[in-house]
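Hi everyone, thanks for making time.

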Amino acid sequence: MPLDIVILGPPGAGKGTQAARISEEASIPHIATGDMYRAAVAAGSGLGGQVKSYMDAGELVPDDLTIQVVRDRLEGPDTAGGFVLDGFPRTLAQAEALDDMLEERDRGISVVLNFQLPEELAEQRLLGRALDSGRDDDTPETIHHRMETMRIPDDLVAYYRGKGNLVGIHADRTIDEVFDEVRSVLEAAAAR
């Protein structure tokens, strides 16, 4: 049975770090919409041209475009055993579209990891990352705006809570402590 994982949480919660570790341990692809968009912008592709203005402003890329990008990626043969989605879904419409995509393949989300982190700590982490990585979309102004724009909507959390597959993860600990909890949750999900 595939291990299909969604990771929710604010920017700076460590979603990408944890998703990469899950991907390596479970041998499933880490699919990060933000990384896909940044690569498209860097490559100067048509997709990059469509998403650059949204990214520069710290705004969400529209649902229809994001859904199509994820649909195309999930059709890759490497997703047969599962995947870790990082940065998608961010809206209820995206979550419903993801469920439809998976139902077409007789699959469903195994678990939704909801990374929880105090907003002040998330902003501190993002500012630190900006200094370390030189990401040009991590200016203090853009970070603050992204924190506002990319809050996980209550209706999205309620949607997954209603499906019974949402698990809260306290992301204000060390990378290893968080991953130990993630590993326990995934072992329980795989056993179902």
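I'll start with a pair of helices, then move to an aromatic pair and a few loop residues.

First, some housekeeping. This is a predicted model, so local features need pLDDT of at least 70 and side-chain atom pairs count only at pLDDT 80 or more, while totals for chains, interfaces and linings use all residues. Residues are numbered from 1 along each chain as its sequence is written, and side-chain values use heavy atoms, with hydrogens and water left out.

Let's look at helix H2, residues 33-43, and helix H4, residues 63-74. Helices here are DSSP runs of H or I with at least four residues, strands are runs of E with at least two, and both are numbered from the N terminus. Two packed helices are described by the angle between their axes and the distance between the axes. The axes of H2 and H4 come within 11 Å and cross at roughly 100°. Those axes are lines fitted to C-alpha atoms, for helices over the stretch in contact, with angles running from 0 to 180 degrees between N-to-C directions. So H2 is roughly perpendicular to H4, a label for angles of 65 to 115 degrees; under 35 is roughly parallel, over 145 roughly antiparallel, and the rest oblique.

Which residues in H2 and H4 meet? From H2 we have Thr33, Met36 and Tyr37, and from H4 Leu65, Thr66, Val69, Val70 and Arg73. Contact means heavy atoms within 4.5 Å. By class, this contact has 5 nonpolar, 2 polar and 1 charged residues. Nonpolar covers Ala, Val, Leu, Ile, Met, Phe, Trp, Tyr, Cys and Pro; charged covers Asp, Glu, Lys and Arg; the others, Gly among them, are polar.

Let's zoom in on Thr33. Is Thr33 buried or exposed? Thr33 is buried, at 6% relative accessible area. Buried means under 20%, exposed over 50%, and partly exposed in between, using a 1.4 Å probe and protein chains only. Leaving out residues up to four places away in sequence, Thr33 touches Thr66, Val70, Asp86, Gly87 and Phe88.

Back to H4. Its buried residues are Leu65, Thr66, Ile67, Val69, Val70 and Leu74. Among the elements covering them are strand S2 (30-32), H2, helix H3 (46-56), strand S3 (82-86) and helix H5 (92-103).

Now for the rings: the structure holds 1 aromatic pair. The ring centres of Tyr159 and Tyr160 are 5.3 Å apart and their planes are at 70°, so this pair is edge-to-face. Rings of Phe, Tyr and Trp (its six-membered ring) pair if their centres lie within 6.5 Å; planes under 30 degrees apart are stacked, over 60 edge-to-face, and the rest tilted. Tyr160 is buried, at 0% relative accessible area.

Tyr160 is also one of the contacts of Asn165, in the loop between helix H8 (154-163) and strand S5 (166-170). Asn165 is buried too, at 8%. Beyond four places away in sequence, Asn165 also touches Ile109, Ser110, Val111 and Val112.

Last stop, the backbone. The peptide bond from Phe88 to Pro89 is cis, with omega near 0°, and Pro89 sits in the loop between S3 and H5. Ser27 has a positive phi of about 55° although it is not a glycine; Ser27 is exposed, at 63%. Asp106 also has a positive phi of about 55° without being a glycine, and Asp106 is exposed at 75%.

Thanks, everyone!
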